[in-house]
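Hi,

Here is the structure I promised to pass on to you. Have a look at it first, and then read on for what turned up.

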Amino acid sequence: MKQDASRNAAYTVDCEDYVHVVEFNPFENGDSGNLIAYGGNNYVVIGTCTFQEEEADVEGIQYKTLRTFHHGVRVDGIAWSPETRLDSLPPVIKFCTSAADMKIRLFTSDLQDKNEYKVLEGHTDFINGLVFDPKEGQEIASVSDDHTCRIWNLEGVQTAHFVLHSPGMSVCWHPEETFKLMVAEKNGTIRFYDLLAQQAILSLESEQVPLMSAHWCLKNTFKVGAVAGNDWLIWDITRSSYPQNKRPVHMDRACLFRWSTISENLFATTGYPGKMASQFQIHHLGHPQGPIYQQKKRPGAMAHTCNPNSLGGRREWIT
């Protein structure tokens with residue numbers, strides 16, 4: 001892929017206010033894989049994206065807003081539930097958000113008369129990551145600057161609580177390892193927890209800080225990736241607790257790391273939002289010379305997400 005920092009977006013959705021976070025639904029339940037959510041200062045919008053490869057009469061990308069949810073406070077994070085389905089009667093939309101008031105909100109809607117939300121309280125500082133149990137969707141895991149990882153049921157009751165040694169930055173629940181949870185801390189440590197024994201069973205070390213984001217590879221459960229300082233780092237947990245590969249990636253600190261779901265060699269990183277040097281880059285482990293795609297972000301472009309079918313599938317990475 002030829003690098004082209006001036007490449008324009010294939011499709012643009014006009015928003016009334018700032019967009020702080022964007023997430024595609026990672027679960028392919030019926031036609032629910034086309035769902036996208038984005039959050040701003042006091043709202044969450046749920047929509048669908050249909051791509052030309054899916055529908056012959058669609059030219060490029062077709063976007064449709066399904067519903068806007070009032071949120072009342074800035075949205076910092078969004079996680080989709082595997083219970084979400086558009087092909088059921090009535091449809092089920094379920095997702096949760098983290099917010100600037102340090103609370104989690106669980107939304108459930110049938111896109112008609114039922115529009116409910118529940119508030120989950122317990123964190124005492126900003127929430128940096130949250131994720132649903134990928135099999136049943138009956139629990140939510142979250143990590144925070146308050147040095148904790150917490151697991152909640154859908155009634156808002158905490159079912160587990162892990163004390164961390166520094167702010168929790170990322171939390172991952174792998175669909176093939178549902179009794180394990182990966183938690184990445186700002187101090188450069190990544191731990192795997194056994195949820196049955198409720199104790200740590202494995203740790204990885206980045207040897208550099210701050211670790212800002214980590215992700216568990218969906219195509220290879222032995223691979224973990226992260227960004228720390230200005231570098232991306234890759235671990236093979238069967239070989240060592242220290243990274244086997246790393247490379248400088250962003251001049252003014254790296255911010256986000258996400259694996260592709262179609263290849264264990266493809267991943268994306270972003271630079272720190274709001275900086276002039278902020279970039280979105282796609283990397284391939286078979287291309288040691290550098291990123292295979294990069295795009296500079298304008299100052300203030302805060303929302304980044306990696307589409308779950310990116311590169312080699314029907315969609316592209318979304319920023």
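This is a predicted model: local features need pLDDT of at least 70, side-chain atom pairs count only at pLDDT 80 or more; totals for chains, interfaces and linings use all residues.

Now to the salt bridges. As background, side chains of opposite charge can pair when their charged atoms come close. The structure holds 10 salt bridges, and I picked out a few for you. Glu177 takes part in one of them: its side chain meets that of Lys180, with 3.6 Å from N to O. Lys180 has a relative accessible area of 31%, so Lys180 is partly exposed.

Another salt bridge joins the side chains of Asp76 and Arg74, at 2.7 Å from N to O. Asp76 has 27% relative accessibility and therefore counts as partly exposed. Arg74 is partly exposed too, with a relative accessible area of 32%.

Then there is Glu264, which forms a salt bridge with Lys223; the closest N and O atoms of the two are 3.4 Å apart. Why does this pair tie together parts that are 41 residues apart in sequence? Because Glu264 sits in the loop between strand 21 (254-259) and strand 22, while Lys223 belongs to strand 18 (residues 223-228). Glu264, at 29% relative accessibility, counts as partly exposed, whereas Lys223, at 13%, counts as buried.

Next, the aromatic rings. A pair of aromatic rings is described by the distance of the centres and the angle of the planes. A search of the whole structure finds 12 aromatic pairs. In one of them, the ring centres of Tyr38 and Tyr43 are 6.2 Å apart and the planes stand at 85°, so this pair is edge-to-face. The cut-off used for that call is an angle over 60 degrees. Both Tyr38 and Tyr43 are buried.

Trp232 and Phe267 make an edge-to-face pair as well, with 5.0 Å from centre to centre and 70° between the planes. This pair links distant parts of the chain, 35 residues apart: Trp232 is in strand 19 (residues 231-236) and Phe267 in strand 22 (residues 266-271). Trp232 is buried, with a relative accessible area of 5%, and Phe267 also counts as buried, at 0% relative accessibility.

If you like clusters, look for Phe69, Trp80, Phe95, Phe107 and Tyr117, which are linked into one by ring pairs.

Strands of a sheet pair through backbone hydrogen bonds, either parallel or antiparallel. Here, 4 strands form an open sheet in the order 5-6-7-8, and the pairing is antiparallel. Which strands stand at the edges? They are strand 5 (75-80) and strand 8 (115-120); each has a single partner strand, so one side of each is left without a neighbour in the sheet. On average, neighbouring strands of this sheet are turned by 25° against each other, direction ignored.

Strand 5 pairs with strand 6 (residues 93-99) in the antiparallel sense, over 5 bridges.

Cheers

Note on methods: Residues are numbered from 1 along each chain as its sequence is written. Side-chain values use heavy atoms; hydrogens and water are left out. Two strands pair if DSSP finds at least two bridges between them. Helices (H or I, at least four residues) and strands (E, at least two) are DSSP runs, numbered from the N terminus. Axes are lines fitted to C-alpha atoms, for helices over the stretch in contact, and angles run from 0 to 180 degrees between N-to-C directions. Rings of Phe, Tyr and Trp (its six-membered ring) pair if their centres lie within 6.5 Å; planes under 30 degrees apart count as stacked, over 60 as edge-to-face and the rest as tilted. Buried means under 20% relative accessible area, exposed over 50%, partly exposed in between (1.4 Å probe, protein chains only). A salt bridge is a side-chain nitrogen of Lys or Arg within 4 Å of a carboxyl oxygen of Asp or Glu.
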